[in-house]
Amino acid sequence: MKTISAWAAHGGIQGVYSHASAATGTEMTFAVYLPPKAQEEPCPAVVYLSGLTCTHANVMEKGEYRRAAAEHGLVVVCPDTSPRGEEVADDEAYDLGQGAGFYLDATQSPWGSHFRMESYVMEDLPHVLHENFAVDDSRISIFGHSMGGHGALTLALKHPDRFRACSAFSPIVAPGQVPWGEKAFTAYLGEDRAAWRRHDATALVEDGARFADFLIDQGEADAFLSEQLRPELFEHACTHAGIDLRLRRHAGYDHSYFFISTFMADHLAWHAERLKA
């Protein structure tokens with residue numbers, strides 16, 4: 001692992017690092033905030049998955065999570081959204097290719113050789129954290145925004161034994177039924193829609209996957225709400241399955257980090273309560 005940069009913040013350390021990933025076959029960059037308590041003992045960690053076009057830097061610079069993380073004694077881990085590099089397949093559109101990994105393992109050419117973000121988040125990244133940071137491996141949770149909200153929900157539903165809590169800001173809850181997801185899933189997974197269901201939070205719940213509870217915040221002024229996000233689909237599935245979903249709708253808020261930063265402290269408090277139980 002290489003240290004790219006490190007800054008003191010709220011008594012802790014905000015760092016940016018890189019390492020060679022076996023899952024993606026590329027160098028991957030990620031950010032980690034270590035709270036002051038991590039100087040004394042391993043701390044629980046929250047993994048934040050970013051949305052389309054983002055890197056680790058978007059939430060690190062705009063998410064305003066460090067004060068709450070320091071107060072709760074939480075490590076905050078922010079991986080990139082996809083593999084990157086000249087040898088990595090890409091697309092001219094913002095919603096496919098580099099910056100748009102969708103937190104799944106692609107099976108189709110040319111994506112399958114590097115776009116293995118589910119394996120990266122679930123295998124490579126935990127190993128790097130265990131080897132290099134004061135993280136309590138038994139207390140990990142996950143959250144994210146938009147495409148990253150999709151990733152957080154699906155990974156929690158598929159690996160409920162690995163995560164103590166899950167929340168999301170403006171997640172893509174049913175990618176198999178919206179344009180962003182249909183485009184990405186066709187490219188990464190092929191035409192068989194049955195194969196898509198394992199990467200679709202609403203479909204996973206419909207097919208029997210379970211998680212204890214979820215917190216979702218959604219802005220009602222979000223330009224992507226009706227066409228791409230459709231939280232009512234996940235809400236209906238959770239209600240039918242008996243999953244406790246706290247879906248909060250907020251008038252006037254959009255899809256931006258102004259929205260995310262407003263409710264970041266609420267989400268970290270949600271995670272802290274479940275990580276410390």
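This is a predicted model: local features need pLDDT of at least 70, side-chain atom pairs count only at pLDDT 80 or more; totals for chains, interfaces and linings use all residues.
Visitor: Okay, helix 9. Which residues are buried there?
Guide: Helix 9 covers residues 231-241, and Pro-231, Leu-233, Phe-234, Ala-237 and Cys-238 are its buried ones. Buried means under 20% relative accessible area, exposed means over 50%, and partly exposed is in between, with a 1.4 Å probe and protein chains only. Helices (H or I, at least four residues) and strands (E, at least two) are DSSP runs, numbered from the N terminus.

Visitor: Why do they line one face of the helix?
Guide: Looking down the axis of helix 9, the buried residues fall within an arc of 160 degrees, so they line one face. That arc is taken from the directions from the helix axis to the C-beta atoms. As a rule, an α-helix has 3.6 residues a turn, so residues three or four places apart point the same way.

Visitor: And what's on the other side of helix 9?
Guide: His-236, Thr-239 and His-240 are there, and they are exposed.

Visitor: What covers the buried residues of helix 9?
Guide: The cover includes helix 4 (147-158), helix 7 (201-206), strand 8 (213-219), helix 8 (225-229) and strand 9 (244-250).

Visitor: What happens just after helix 9?
Guide: Gly-242 takes a positive phi of about 75 degrees there.

Visitor: Which residues other than glycine have a positive phi?
Guide: Glu-64 is one of them, with phi near 55 degrees. Glu-64 is in the loop between helix 1 (56-62) and helix 2 (66-72), and counts as exposed because its relative accessible area is 57%. Arg-230 is another, with phi near 50 degrees. Arg-230 lies in the loop between helix 8 and helix 9, and is partly exposed at 23%.

Visitor: New topic: how many aromatic pairs are there?
Guide: A search of the whole structure finds 18. Rings of Phe, Tyr and Trp (its six-membered ring) pair if their centres lie within 6.5 Å; planes under 30 degrees apart count as stacked, over 60 as edge-to-face, and the rest as tilted. Tyr-48 and Phe-143, for example, are edge-to-face, 5.0 Å centre to centre and with 80 degrees between the planes.

Visitor: What does that pair tie together?
Guide: Tyr-48 lies in strand 4 (residues 43-49) and Phe-143 in strand 6 (residues 135-145), so the pair links parts that are 95 residues apart in sequence. Tyr-48 counts as buried, at 1% relative accessibility, and Phe-143 is buried at 1% too.

Visitor: Which residues form one aromatic cluster?
Guide: Tyr-48, Phe-143, Phe-169, Tyr-253, Phe-259 and Phe-263.

Visitor: Where does Arg-274 lie?
Guide: Arg-274 sits over the face of Trp-270, at 3.4 Å from the ring centre. Likewise, Arg-66 lies over the face of Tyr-65, at 4.8 Å from the ring centre. A charge sits over a ring if NZ of Lys or CZ of Arg is within 6 Å of the ring centre and within 35 degrees of the ring normal.

Visitor: What about Arg-249, where's that?
Guide: Arg-249 is in strand 9, and is partly exposed, with a relative accessible area of 40%. Leaving aside neighbours within four places in sequence, Arg-249 is in contact (heavy atoms within 4.5 Å) with Gln-218, Glu-220 and Glu-235.

Visitor: Last one: which peptide bond is cis?
Guide: The one from Ser-109 to Pro-110 is cis, with omega near 5 degrees. Pro-110 lies in the loop between strand 5 (75-79) and helix 3.

How values were computed: Residues are numbered from 1 along each chain as its sequence is written. Side-chain values use heavy atoms; hydrogens and water are left out.
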